[in-house]
Amino acid sequence: MSDTRRRVKVYTLNEDRQWDDRGTGHVSSTFVERLKGISLLVRAESDGSLLLESKISPNTAYQKQQDTLIVWSEADNYDLALSFQEKAGCDEIWEKICQVQGKDPALDVTQDTIDESEEERFEEIPETTLLVELPPCELSHLEEIADLVTSVLSSPFRREKLALALMSEAYLKKLLGLFRVCEDLDNREGLHHLYEIVRGVLFLNKAALFEVMFSDDCIMDVVGCLEYDPALVQPKRHREFLTKTAKFKEVIPITDSELRQKIHQTYRVQYIQDIILPTPSVFEENFLSTLNSFIFFNKVEIVSMLQEDEKFLTEVFAQLTDEGIDNSKRRELVNFVKEFCTFSQTLQPQNRDAFYKTLANLGILPALEIVMGMDDLQVRAAATDIFSYLVEFSPSMVREFVMQELQQNDDDVLLINVVIKQMICDSDPELGGAVQLMGLLRTLIDPENMLAPNNKTEFLSFFYKYCMHVLTAPLLANTAHDKNSNDSEEGSAMINPVCPDNFQTAQLLALILELLTFCVEHHTYHIKTYIMNKDLLRRMLVLMNSKHTFLALCALRFMRRIIGLKDEYYNRYIIKGNLFEPVINALLDNGTRYNLLNSAIIELFEFIKVEDIKSLIAHIVDNFYKALEPIEYVQTFKGLKGRYEQEKDRQSQKLTRYRRDARSLDEDEELWFNEDDDDDEAEAVDKSRLEDDYSDGYGKYMEAKKAGAANGANNGKAAVPPPTSPPATPNNSSSSSIKTVALPATPVVKTALVGLVDYPDDEDEEEEDEEEEEEQSPRKRPRLSS
């Protein structure tokens, strides 16, 4: 048998009853020695790899659907489909399959599918008794036909037989012709029977029947039959909706008649499935699987046909970006592109990739930049949906575009800034659009989906330089400094509490804070620099005064994420700015109320205690413990005090060890002075004279050392001869007979800065800072204020 090659797509049905695209290639039917039979082979057109190798089994039921599809099952729950590019190719392969099985190619199903249990039951029954005999297609037999259709639904075998019977002699078309007769006669009983018949035929789940029912000649009659549900007092008016209310709008004229017909058919079948048919029960879920497949392949075909028509899509985007076009036309264009993208969700990943690349090449992102800035709410909403499809599919594509457009535009018209402004200006009281846009921004700035490290750094630098100021503008505007306050004072928390009372504004600020909190967690360097330069944490903590508790909690969560990093750079910033004051004020103002704010603040201090962040513990205890001491319903603050005391004890023990080491040094010096390091001079010197000199010298040394220790000097020195040096000579007496011995410095203990990271050059500055903090930091009062 000669090979016949045709271009096809291979699909498999997954567990969710959705078709997965396995690739595109060319199909042939040939004898495979290993399988010992004629088989279907599909080789990928890209690399020639084998996509499918399936032996044509004599007992496998193959179905031909929609002229270009062949569907079959190879094993339990493993369905396959070949979608042909050309009808001729499908017909030729179908003839090969029928030839192997000895079937008539005119049929659309090669085998009758029978469950094993039914096969055993019917295998001994004469063949003539298995045929389903349909009653005459007449008004008087409608009840009998309805009973027959309803009775076979529980038996897969009888469903197959009934489907074959309905296809013979155009029986189904005759039934739909009776509908028009019943409606003209207002025969309600007959119409109710026709409803049961048509609903049952749909549940037969046969593509060949669907081809007839959903053809242009029959589909409105099918919809009409489904209007007369016996459970309803009055029939529904679905046909009126489909023909009068639902209008097919061509934003750009579609010249391909086949494409127009496919769009109409898909819309109507989708309407039947979603609106007309009742929600299937658990036992009926699989009855409409073929209907789902019918809609799926229709959508794939529509997207493919539109995508291949470059002239059509080019005209769409040209008009979309045309400044002279009227708003109603632009609205229709945007809605079309949105619907187009919605259809694309049925495509497999590799096909969606090609689809979005086509849109990108046609200029979808510059077009969105224009329409998202328009005043029309419907246009903006549709544009946001399109943008969400693009971001979810390929955030890297969007990032590349916004960085390239920076070379052409200023930062005010960058796409990301347009998105941020739309989020800020959302007029919806519930901020539905703002929430959606915030999620998209989060995806764009998430380092997890930035694969290349260089791209990550480059994009984040771009974002913080050109976009972050737009994002934080509402926060900074609503937490502005009091003009009468002295902003130059360090540690001052006196900020005019311009906390928004408007609920919508509070929601917006909460969204921005949530995004900034995400940045703290994922953008370590860039966000740290921005927080320090803008003094951002101080501004955020003003929101602790908000009457909206959820906003105060967002500000607290922002600080909690910063402290959770355990970064000493952040800790010094918090201490220097005295930024615990608004948090503790909020705790004290909350009083004895046991609520989420109370728990969140206590958890913050509990974290500091458990993680033993020494610098923050020392700052909190030194400055705020007296105000926090009365809080005894948790042991958090007593625990902080305990940690503080433990650190002081450790420092004291360290000091004692230094002093003990100094005493051991004195003993070594005393032993050294007893040695005879100059034998010749020792014989000539009187022993008593040496002892007197030693006593005088050592007494002066000890007095000098004590005086140095009393003055806190760290460089107390004694001029003594080196213990192991040889007798001095004229050449080296000035340089080697004297050696300076440095005594250990007495540690300076400052309670306000216990446990801070030691910076050798900062001791003098820390002493000055401590004096300033003692003057500026709040004293222990029930309500802290600066």
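Reply: Let us begin with how two helices pass each other. A crossing is left-handed if the near helix is turned anticlockwise from the far one by less than a right angle, and right-handed if clockwise. Helices (H or I, at least four residues) and strands (E, at least two) are DSSP runs, numbered from the N terminus. In this predicted model, α21 passes α22 in a left-handed crossing. The model is predicted, and local features need pLDDT of at least 70, side-chain atom pairs count only at pLDDT 80 or more, while totals for chains, interfaces and linings use all residues. Residues are numbered from 1 along each chain as its sequence is written, and side-chain values use heavy atoms, with hydrogens and water left out.

Me: At what angle do the axes of α21 and α22 cross?

Reply: Axes are lines fitted to C-alpha atoms, for helices over the stretch in contact, and angles run from 0 to 180 degrees between N-to-C directions. The axes of α21 (residues 468-478) and α22 (residues 503-522) come within 10 Å and cross at roughly 130 degrees. Therefore α21 is oblique to α22; angles under 35 degrees count as roughly parallel, over 145 as roughly antiparallel, 65 to 115 as roughly perpendicular and the rest as oblique.

Me: Which residues make the contact between α21 and α22?

Reply: Contact means heavy atoms within 4.5 Å. Among the residues involved are Met 468, Leu 471 and Leu 475 of α21, and Leu 509, Ile 512 and Leu 516 of α22.

Me: How many residues of α6 are buried?

Reply: Buried means under 20% relative accessible area, exposed over 50%, partly exposed in between (1.4 Å probe, protein chains only). Helix α6 is mostly covered, with 12 of its 16 residues buried, including Leu 191, Tyr 195 and Phe 203. The elements covering these buried residues include α3 (142-151), α5 (171-185) and α10 (257-276). In the whole chain of 786 residues, 47% are buried.

Me: Where does Glu 629 lie?

Reply: Glu 629 is placed in the loop between α29 (614-628) and α30 (636-673). Because its relative accessibility is 41%, Glu 629 counts as partly exposed.
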